[in-house]
Amino acid sequence: MDRSQIIAVDFDGTLCYSAWPDVGEPNNPLIYYLKRQQKAGNKLILWTCRSGAALEKAVSWCREVANLEFDAVNDNVQEVIDYYGNNSRKISCDIYIDDKACVPEDFCAPCGK
């Protein structure tokens, strides 16, 4: 499998400042970061709860406003599907960028574990 990194990024509250069901203002620092990563050969997945017309609106916004094209949308990149021989419901990536994300160690620290 290609050793480029795979980065999955959320839409509402992450790529754009949340205005659900509309689309908010762009998060330009994150957009610039993703463009640099893509230019370096890394793969991008748009990973969002949006579906149907709301998803189409988000994908169009990414193309027209952020000038971002994704290698996959709410799906694994083809290299991962080929490598594992199936397409799991869980997205396989190296980095998740999401306004609702947390680091597991943050939950263990209060327990002393």
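Colleague: What percentage of the residues of the protein chain count as buried?

Modeller: Of its 113 residues, 36% count as buried, where buried means under 20% relative accessible area, exposed over 50%, and partly exposed in between, with a 1.4 Å probe and protein chains only. Bear in mind that this is a predicted model, in which local features need pLDDT of at least 70 and side-chain atom pairs count only at pLDDT 80 or more, while totals for chains, interfaces and linings use all residues. Residues are numbered from 1 along each chain as its sequence is written, and side-chain values use heavy atoms, with hydrogens and water left out.

Colleague: And how many helices and strands are there?

Modeller: The protein chain has four helices and four strands, taken as DSSP runs (H or I over at least four residues for helices, E over at least two for strands) and numbered from the N terminus. Along the sequence they follow the pattern β-α-β-α-β-α-β-α.

Colleague: In what order do the strands sit in the sheet?

Modeller: The order is S3-S2-S1-S4, in an open sheet with parallel pairing; two strands pair if DSSP finds at least two bridges between them. Strand S3 (72-73) and S4 stand at the edges with a single partner strand each, so one side of each has no neighbour in the sheet.

Colleague: How many bridges join S1 to S2, and which residues stand opposite each other?

Modeller: Four bridges join these two parallel strands, with Val-9 opposite Leu-46 in S2 and Leu-44 of S2 as the bridge partner of Ile-7. On the S4 side, S1 pairs over three bridges with residues 95-97, again in the parallel sense, and here Ile-7 stands opposite Ile-95. S2 is in turn joined to S3 by two bridges, where Val-73 is the bridge partner of Leu-46.

Colleague: What is the handedness of the unit that S1, H1 and S2 make?

Modeller: S1, H1 and S2 make a right-handed β-α-β unit, and S2, H2 and S3 also make a right-handed one. Right-handed here means that, with the strands pointing away from the viewer, the path from the first strand over the helix to the second runs clockwise.

Colleague: Moving to the core, which residues touch the most other members of the largest one?

Modeller: Phe-11, Leu-15, Leu-34, Trp-61, Cys-62, Leu-68 and Phe-70 do, in a core of 19 residues; a nonpolar core is a set of buried Ala, Val, Leu, Ile, Met, Phe, Trp, Tyr and Cys residues joined through side-chain atoms within 4.5 Å. At least two of its residues come from each of strand S1 (6-9), helix H1 (28-39), strand S2 (43-46) and helix H2 (52-64), and H2 gives the largest share, with five residues. There is also a second, separate core of eight residues, which includes Ile-45, Val-77, Ile-91 and Cys-93.

Colleague: What is Phe-11 in contact with, apart from its sequence neighbours?

Modeller: Leaving aside neighbours within four places in sequence, Phe-11 has contacts, meaning heavy atoms within 4.5 Å, with residues that include Cys-16, Val-23, Leu-46, Trp-47, Ala-58, Trp-61 and Cys-62.
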